[in-house]
Amino acid sequence: MQRLTLTPRPDKASKLEAIGLSFHAWDDYWNEAACYRFNAQQVDELEAATEELHAMCLQAVGHVIAQGRLAQLGFPKQAHALIDASWQKREPSLYGRFDLAYDGHSPPRMLEYNADTPTSLLESAVAQWYWLQNVFPQADQFNSLHERLVERWQQLGVQGPLHIASLDDNEEDWVCTHYLIETALQAGLQAEHITLENIGWNAAQQRYVDMAQKPITTLFKLYPWEWIFQEPFGQHIAASQTRFIEPAWKAVLSCKGILPVLWELFEGHPNLLPAYFEPGQLQHYARKPLFSREGANVQLHTPQGLSAGAEGPYGAEGFVFQALAPMPQFDGRYPVIGSWIVGDSAAGMCLREDTRPVTTNMSQFVPHFFE
């Protein structure tokens, strides 16, 4: 695993905008002045670890629900029956992304599982693939994400129109959901975008509807379950008969509380870091809110002292404490590997890097290849 310094393509802006990556220049988000090179053995290791971690996570969800531990993970009582029913039906999921610490030598270590609302799809599936064709056309890339998403939509058995929803004022989410629409259309589905603000409730018919009063039979929502559980919108889900993608049980995996549960079940596993609901067993650790996004409200208690991620609104439900990962540094930057899972299969990876050891929404996306 190496970090290489490159000269960006002179027409990179027009190429990125042509595929819909409209926010590539925000805070230099898309960085092709560098890239990461892997070998085939390292890619195989990442692929195997991703699928093994996913299988372990599914076991952990079953354990949490069977042992009645949803409250310990911060879920309100009104959400328990919905999560339980979703799991008992084994409602199928679309995709997720593990965040892994990896240096190319030691085993990949799981930092967290973005199982409910992971973004960076267009960048991972399309933008870095076209970059590869332009810059390293003889090389390969760990990237079957687009094909697997199309195939997965076909496997999900969606009946009728598919509504894909995001917030009205979030451009990153808009880009991600419109890319998902493209994959659904290629899978032969009827798919259209709707803003979350435009989803209504028809009390007489007991169903969610769009602005034309058409029933929403299947809804992909790029909006966290833990927020839905707290809002009036969520009160009608059980009665609505709407099929949700991702299903409610995915909220358990997106909660950082899954980290100590995994350590309880698989203590010593080489792809896990020690994690607990209390810090007492750790001298140096990352304190993570049960529910947080983009590194917000994360604190690192290191031998050098305390450092923190971005400010944010998270932490009211509680925290978990995870042993510090041995984060690699390349040219003064800390890369985190995002390893994608579609269905139950590893589907590719992306990298975000930062000069700080906590990845945030300001961290740069850097492409990769392998030989």
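At what angle do helix α4 and helix α6 pack, and how far apart are their axes? Helix α4 (residues 121-135) and helix α6 (residues 171-186) pack at an angle of about 60 degrees, with their axes 9 Å apart. This is a predicted model, in which local features need pLDDT of at least 70 and side-chain atom pairs count only at pLDDT 80 or more, while totals for chains, interfaces and linings use all residues. Residues are numbered from 1 along each chain as its sequence is written, and side-chain values use heavy atoms, with hydrogens and water left out.

**Helices α4 and α6**

- The angle makes α4 oblique to α6, given that angles under 35 degrees count as roughly parallel, over 145 as roughly antiparallel, 65 to 115 as roughly perpendicular and the rest as oblique.
- Axes are lines fitted to C-alpha atoms, for helices over the stretch in contact, and angles run from 0 to 180 degrees between N-to-C directions.
- The contact (heavy atoms within 4.5 Å) is made by L121, L122, A125 and V126 of α4 together with V175, C176, Y179 and L180 of α6.
- By class, this contact of α4 with α6 has eight nonpolar residues, no polar and no charged ones, where Ala, Val, Leu, Ile, Met, Phe, Trp, Tyr, Cys and Pro count as nonpolar, Asp, Glu, Lys and Arg as charged, and the others, Gly among them, as polar.

**Helix α10 and its surroundings**

- The axes of helix α2 (residues 40-66) and helix α10 (residues 258-265) come within 10 Å and cross at roughly 100 degrees, which means that α2 is roughly perpendicular to α10.
- On the α2 side the contact is made by M56, C57, Q59, A60, V61, H63 and V64, and on the α10 side by I258, V261, L262, E264 and L265.
- The contact of α2 with α10 has nine nonpolar, two polar and one charged residues.
- Six of the eight residues of α10 are buried, so this helix is largely enclosed by the rest of the structure; buried means under 20% relative accessible area (1.4 Å probe, protein chains only).
- The buried residues of α10 are I258, L259, P260, V261, L262 and W263, and what covers them includes α2, β4 (109-114), α9 (250-254) and β12 (285-289).

**The open sheet**

- Four strands form an open sheet in the order β6-β5-β9-β10, with parallel pairing; two strands pair if DSSP finds at least two bridges between them.
- The edge strands, β6 (191-195) and β10 (243-245), each pair on one side only.
- Strand β9 (residues 218-221) pairs with β10 in the parallel sense over three bridges, and the bridge partner of L219 in β10 is F244.
- Helices (H or I, at least four residues) and strands (E, at least two) are DSSP runs, numbered from the N terminus.

Definitions and conventions
Buried < 20%, exposed > 50% of the residue type's maximum accessible area, 1.4 Å probe, protein only.
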